[in-house]
Amino acid sequence: MYDPSAISGRTALITGASSGIGEEFARQLAARGANLVLVARSIDKLDALAASLRAEHRVDVFTEGIDLSTADAPERLFGRVTELGLSVDLLVNNAGFSSLGPVADMDPEQAGPVVNLNVKTVLENTVRFLPGMVSRGGGVIINIAGTGAFQPAPYMAARTASAAFVLSFTQAVSAENADTGVRVFALCPGLTDTPMTSGQNYPGTMRTPEQVVNTALKALSSRKASVVDGRLNTVMARVGSRLPEPLLLSMASRVMKRTTATS
């Protein structure tokens, strides 16, 4: 098990850190004394957040304005961290993309970047930073999947398929590292009040980024390979995975079609 008190003085790298869940991870880890590497496209937002965290918590904060949907982004990010002479002790693969609508209407030029950001970057960041953690005998990798990992969602097909990959990949890596001292798990939020969901008429009650990150940090001291945020989301994930496929897809299609029409 990982000792959450070991966060102080460690270095955490957070992708998608300019807002939402990523920003909340930055705030909570800085409050626990972690030094940070914050990564996102919006460098101005990152720099403003970094200045605030440095002043409030007296921690080191580095910012990297990188578009992680580009094919070579993970390589460039790892190279930059190496140039800075940093060892990443906590990796939070949070950056992701979601869109509403049928696949038939999807821009083909968008397909590659979606896979790069939601799947390839998570895979490559894990592959690049994990060996160092193993060699040092400790570390944490939190990969953000989502409750969509447990059931497909028509009209959000790419996002839920990405989440399913992240969940399965992370569970396997967690098992591989059970005895290395590296804590690896997938965090599965449901609907969360972030810029990604702003202005979209999703059904149900949204959780907050603070609640999601609290769930993740509590899970550090457990051995679970995946954690669902919120009791209702946990129940829905379990129930959904047990429903007959035609019923599950029919229900999801009706809900998501209404959401798409009103967003």
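Is Phe129 buried or exposed, and at what relative accessibility? Phe129 counts as buried, because its relative accessibility is 6% and the limit for buried is under 20%. The model is predicted.

**Aromatic pair Phe78 and Phe129**

- The count of aromatic pairs comes to two.
- In one of them, the ring centres of Phe78 and Phe129 lie 5.1 Å apart with the planes at 65 degrees, so this pair is edge-to-face; the angle required for that class is over 60 degrees.

**Aromatic pair Phe165 and Phe169**

- Phe165 and Phe169 form a stacked pair, with 5.7 Å from centre to centre and 5 degrees between the planes.
- Both residues are in helix H5 (residues 157-176), and because they are four residues apart, about one helical turn separates them.
- Phe165 counts as partly exposed, because its relative accessibility is 30%.
- Phe169 has a relative accessibility of 17%, so it counts as buried; the cut-off is under 20%.

**Ser174 in helix H5**

- Helix H5 also holds Ser174.
- The relative accessible area of Ser174 is 11%, so this residue is buried.
- With neighbours within four places in sequence left aside, Ser174 is in contact with Val184 and Ala225.

**The second largest pocket**

- The space in the second largest pocket is about 290 Å³.
- Its lining includes Phe150, Lys224 and Gly230.
- Strand S7 (226-228) and helix H7 (231-240) are elements that each contribute at least two residues to this lining.
- Helix H7 gives the most, with four residues.
- Among the other lining residues are Ser226, Val227 and Val228, together with Arg231, Thr234, Ala237 and Arg238.
- Ser241 and Arg242 are also part of the lining.
- By residue class, the lining of this pocket has four nonpolar, four polar and four charged residues.

Conventions
Residues numbered from 1 in each chain as written. Predicted model: local features only at pLDDT ≥ 70, side-chain atom pairs only at ≥ 80, totals over all residues. Heavy atoms only, no water. 1 Å grid on protein atoms, 1.4 Å probe; cavity = no way out; pocket = protein on both sides within 12 Å on 5 of 7 lines; lining within 4 Å. Points joined across faces, edges and corners; volume = space filled by probe spheres on them. Nonpolar A, V, L, I, M, F, W, Y, C, P; charged D, E, K, R; others polar. Phe/Tyr/Trp six-rings, centres within 6.5 Å; stacked < 30°, edge-to-face > 60°. Buried < 20%, exposed > 50% of the residue type's maximum accessible area, 1.4 Å probe, protein only. Contact = heavy atoms within 4.5 Å.
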